[in-house]
Amino acid sequence: MSNTPQAIRGTQDIFGPDAEAFAHVVETFERVRKLYRFRRAEMPVFEKTEVFSRSIGETTDVVSKEMYSFRDRGDESLTLRPEFTAGIARAYLTNGWQQFAPLKVATHGPLFRYERPQKGRYRQFHQIDAEVIGAAEPQADVELLVMADQLLHELGIADGVTLQLNTLGDGASREAWRAALVEYFRAHRADLSEDSQDRLERNPLRILDSKDPRDKVFTAAAPKIDDFLSAEAQDFFGQVTAGLDAAGVEWTRAPALVRGLDYYRHTAFEFVTDRLGAQGTVLGGGRYDGLMESLGGAPTPAVGWAAGIERLAMLVADAGVTAEAPLGVIMAIEDDRAIGFGIKALKALRTAGLSADMIATGSPRKRFDKASKIHAQVLVGVSFRDDKLTLNARSADHAAVLTQVDAVLGTLTA
């Protein structure tokens, strides 16, 4: 092993129960997004660097510190995608997807950020993502939030997860709030953390969600967005909360929940838990009505969310949710002359929708005992008696599956 290359720090090889939990998250997401009629999209793993620098923001940590960027053979700067939204926005503009507006689209796959690995966070990580593009109505925000809530329930991990909700107001409301925050924090600049001093002029909203104790002293008394909301912004947020109440989705107001980039508007939200340590966000998103303009498109309303598959899979495992389906049928081939029949039976059972496997190696006399120790719904012994193929199928508590197995195998021996 001394000469064997090791895995790159911040990457992972997913296998066994972890892989089953991972697949369970993706399969559940695919099922739920079909219920909500979100169209599937597959996005490139790398884009022109400007797709992310223009949309995420040159001054953000993601762009300035965390992106995997490189020059290709044509000397063009390319970047491994650090998130999905910017690439989806680019595709919406370059592929003529405006014809489908309002477009409900969903995707999942790997993303890449060079940051410090920690529990549930990797340099190559995976997300599920859902977006509604071209819908300015608060009902789009409600549908996305209800969809996210249903996903968490169907994954079996909704207990202990709280939806935190805030409004950032419309453009005018947000700008007035931003100006008030700059004025307020300037008076305390010398006492703020170094990061917040840096953010003060270019991204003051981010100071509100700072975890640094030096900043928390001042954030509690900082100006609140509610003091700057226009009547239209108040009505928009009221319609979102009313929709959530109508759908039975519990939520709590989180005034400090912000999005630092200027193109975010109105709804911002996170589903959070205390079961993942300090990094407790399970799923998050918001409305980003100004993003398309940053990529050269016409003003286009949009809202979306994303969730880390690794984090969801950890919660699935911690909750004891069984991600791997039980084995339907195990066959013990007790006579080598029946191996051919066993191969044919396996195909027939699997074609009928039953998971199936067989024990056909080792001592024939020990195969039945070996098979009986495997937790399957139906156990089938296959042997010869007086040169006649004999089947012995049994099940302790899966009568319906046993009936189906008898029917399938019966067609092969008739």
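Which strands and helices do the buried residues of H11 pack against? I get H1, strand E5 (103-112), strand E6 (124-133), helix H5 (138-155), strand E10 (281-287) and strand E11 (302-308). Helices (H or I, at least four residues) and strands (E, at least two) are DSSP runs numbered from the N terminus, and contact means heavy atoms within 4.5 Å.

Ground rules for myself. This is a predicted model, where local features need pLDDT of at least 70, side-chain atom pairs count only at pLDDT 80 or more, and totals for chains, interfaces and linings use all residues. Residues are numbered from 1 along each chain as its sequence is written, and side-chain values use heavy atoms, with hydrogens and water left out.

**H11 and H1.** I checked burial in H11: 8 of its 10 residues are buried, so H11 is largely enclosed by the rest of the structure. Buried means under 20% relative accessible area, exposed over 50%, and partly exposed in between (1.4 Å probe, protein chains only). Then I looked at the pair: the axes of helix H1 (residues 16-35) and helix H11 (residues 309-318) come within 8 Å and cross at roughly 110°. My axes are lines fitted to C-alpha atoms, for helices over the stretch in contact, with angles from 0 to 180 degrees between N-to-C directions. On the H1 side I noted Ala-21, Phe-22, His-24, Val-25 and Val-26, which meet Ile-309, Glu-310, Leu-312, Ala-313 and Val-316 in H11. Just after H11, Gly-320 takes a positive phi of about 75°.

**H6.** Helix H6 (residues 171-186) reaches 22 Å from first C-alpha to last over its 16 residues, close to the 22 Å expected at 1.5 Å a residue; the expected span is 1.5 Å times one less than the number of residues. Its buried residues include Trp-177, Arg-178 and Phe-185.

I found a cis peptide bond joining Ala-101 and Pro-102, with omega about -5°. Pro-102 sits in the loop between helix H4 (85-94) and E5. Arg-37 has phi near 60°, positive in a residue other than glycine, and at 67% relative accessibility Arg-37 counts as exposed. Asp-386 is not a glycine either, yet has a positive phi of about 55°; Asp-386 is exposed, with a relative accessible area of 76%.

**Asp-335.** Buried or exposed, I wondered, at 18% relative accessibility for Asp-335? Asp-335 counts as buried.
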